[in-house]
Amino acid sequence: MKKPLLFHILFLINTLYISSQVFEKEPIKISGDDDKRINLIILSDGYQTHELPLFVTDATNFTNDMFSQSPFIEYANYFNVYAIKVPSNESGADHPASATDVTEPLSPIKNVDTYFNATFDAYGFHRLLFHEIDGNSANNTQLKINTVLANNFPNYDQTLILVNSNVYGGSGGEFPMSSTGTSANEIAIHELGHSLFNLKDEYYPGDTQAAEAINMTQETNPSLVKWKNWIGTNGIGIYPYGVSGTSASWNRPHQACKMQFLGSPFCSVCKEGIIEKIHNLVSPINDYSPNNDTTINTPTFPLNFQLDLIKPIPNTLENTWTLNSTNYANNVDDVSILEANLVKGLNTLTVVINDNTPLLRVDNHQTFHLNTITWAINYTTLGIEDIKSSVNDLRITMSPNPTNHIINLKFENTKDFSLKMDIISIEGKKIKTISISNHENQQIDISSFNKGIYITNFYSNQVLLASKKLVIN
Ligand SMILES: [Zn+2]
């Protein structure tokens, strides 16, 4: 999905040092086009050539395990998984027996020649399985990983290195590693929680790692905390990490999330964070038709318009079709338009797609992942002069909410658009209209408004895209 520009530059530099090599790639789980999915790439370490079928089995087991758990079970169609078979000269991982957190040797001492040089005992922790960390060689290993990815799957979104060892261990960071020992799949899924979805540990990660994140905060006010919409549901609260010291000033949302205990499910706050990231990386619109500008000299009615959506399981996508400012259909993937439905001249057909999953309660979700397709149908006496389509992924954040004197509107989309925002009182009276014709963030003064609940409606071309509650206090 991603197109890392810097990556190609790095790749050019890397190839000066490391020869390029293409390895066999095995599709493990394919949901659709790579450029419309999150691509998870699993690399092997410590598997000799004759053990690569075992690696494919291990990668498949990991994938099956990951996609049997929420929210990956619901969003499985948004992912592709590939295994890249990188052979090593020897099997397993290094175990120098240099850990200081256990009585060594906990497992047999080993020094094996593997492609990415995975080693236990990293930084003195037995279970910390990492790529080589001794000085310059560590950089070489990172270059090796980057080079393998650049040569074999440059548009990857996330990678995971599976290490052929049944000793329990793993690590996070840019390139998470996991052994194939008991619970190893759980380590890998937990580590992906960090590296792909920006989640923090829900056991205290130490003062240097403590920071504001999706599932970690110093806010203790239940009406202000970032997971405020979940408080009291599914065990979500505000729980201090520790009883004294700095750890007591940091809070987590749950007492038994996978980010704390392997084998537990992700808590509702972490699930929500994962789904929001999935929506940031992948549009639910896989394809639509017509999607090229078309001219139909002798139109045959009805004209057909179709969506191909990437559906969650169960499908929580909702859509609203509007023709010339009038609601035309709801929650269908295709519509037919009759000649009688069209006016002479320009007609506008728009569909707005929104994921209404109960797993999301985050503020702004409705306006932050707002996918629209618009068809401009030019209908003249000569026929359909043309049908022009455009797709947009609008991202509008309105904050703070509740507010008392200003609203900040922030836009994060890439295409030109013109938008109108109406602020409507609870009695249905239009109080203010704001026109927005560029991507500039806007600040709206509402200090003269009475306290109470308002509705904000966002329109594009007379089409209602989204409705949001605004509380002025
Ligand atoms: Zn959690």
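What is the volume of the second largest pocket?

1. Start there: the second largest pocket comes to about 520 Å³. Bear in mind that this is a predicted model. The pocket has 18 lining residues, with E191, H194, D201, Y203 and Q209 nearest its centre.

2. As for where it sits, domain 1 (5-195) and domain 2 (200-282) both contribute lining residues, so the second largest pocket lies between them. Helix 4 gives the most to this lining, with 4 residues, and strand 5 (170-171) supplies at least two. By class, the lining splits into 6 nonpolar, 8 polar and 4 charged residues.

3. Now for the largest pocket, with a volume of about 680 Å³. It is lined by 31 residues, and K226, E276, V362, D363 and N364 are the closest to its centre. Two or more lining residues come from each of helix 5, helix 6 (365-368) and strand 18 (396-399), with helix 5 giving the most, at 6 residues. Domain 2 (200-282) and domain 3 (283-472) each provide at least three residues of this lining. Its make-up is 12 nonpolar, 9 polar and 10 charged residues.

4. Then have a look at the zinc ion. Its protein donors are E202 (OE), C257 (SG), C267 (SG) and C270 (SG), at 1.9 to 2.3 Å. The site is tetrahedral, with angles of 94 to 125 degrees among the 4 donor atoms.

5. Along the chain, the zinc donors are spaced E-x54-C-x9-C-x2-C. E202 is in the loop between helix 4 (184-195) and strand 7 (239-240), and C257 is in the loop between strand 8 (251-252) and helix 5 (268-281), so this pair ties together parts 55 residues apart in sequence. E202 and C257 are both buried.

Methods: Residues are numbered from 1 along each chain as its sequence is written. This is a predicted model: local features need pLDDT of at least 70, side-chain atom pairs count only at pLDDT 80 or more; totals for chains, interfaces and linings use all residues. Side-chain values use heavy atoms; hydrogens and water are left out. Donors are N, O and S atoms within 2.8 Å of the metal (3.2 Å for Na, K and Ca); water is not among the atoms, so sites may look incomplete. Four donors count as tetrahedral if all angles lie between 85 and 135 degrees; four count as square planar and six as octahedral if opposite donors are over 155 degrees apart and all others between 65 and 115; anything else is irregular. Buried means under 20% relative accessible area, exposed over 50%, partly exposed in between (1.4 Å probe, protein chains only). On a 1 Å grid over the protein atoms alone, a cavity is a set of points where a 1.4 Å probe fits but cannot get out, and a pocket is an open set with protein on both sides within 12 Å along at least five of seven lines; lining residues have an atom within 4 Å of a point. Grid points are joined across faces, edges and corners, and a volume is the space filled by probe spheres set on the points. Ala, Val, Leu, Ile, Met, Phe, Trp, Tyr, Cys and Pro count as nonpolar, Asp, Glu, Lys and Arg as charged, and the others, Gly among them, as polar. Domain bounds come from an automatic or database domain assignment.
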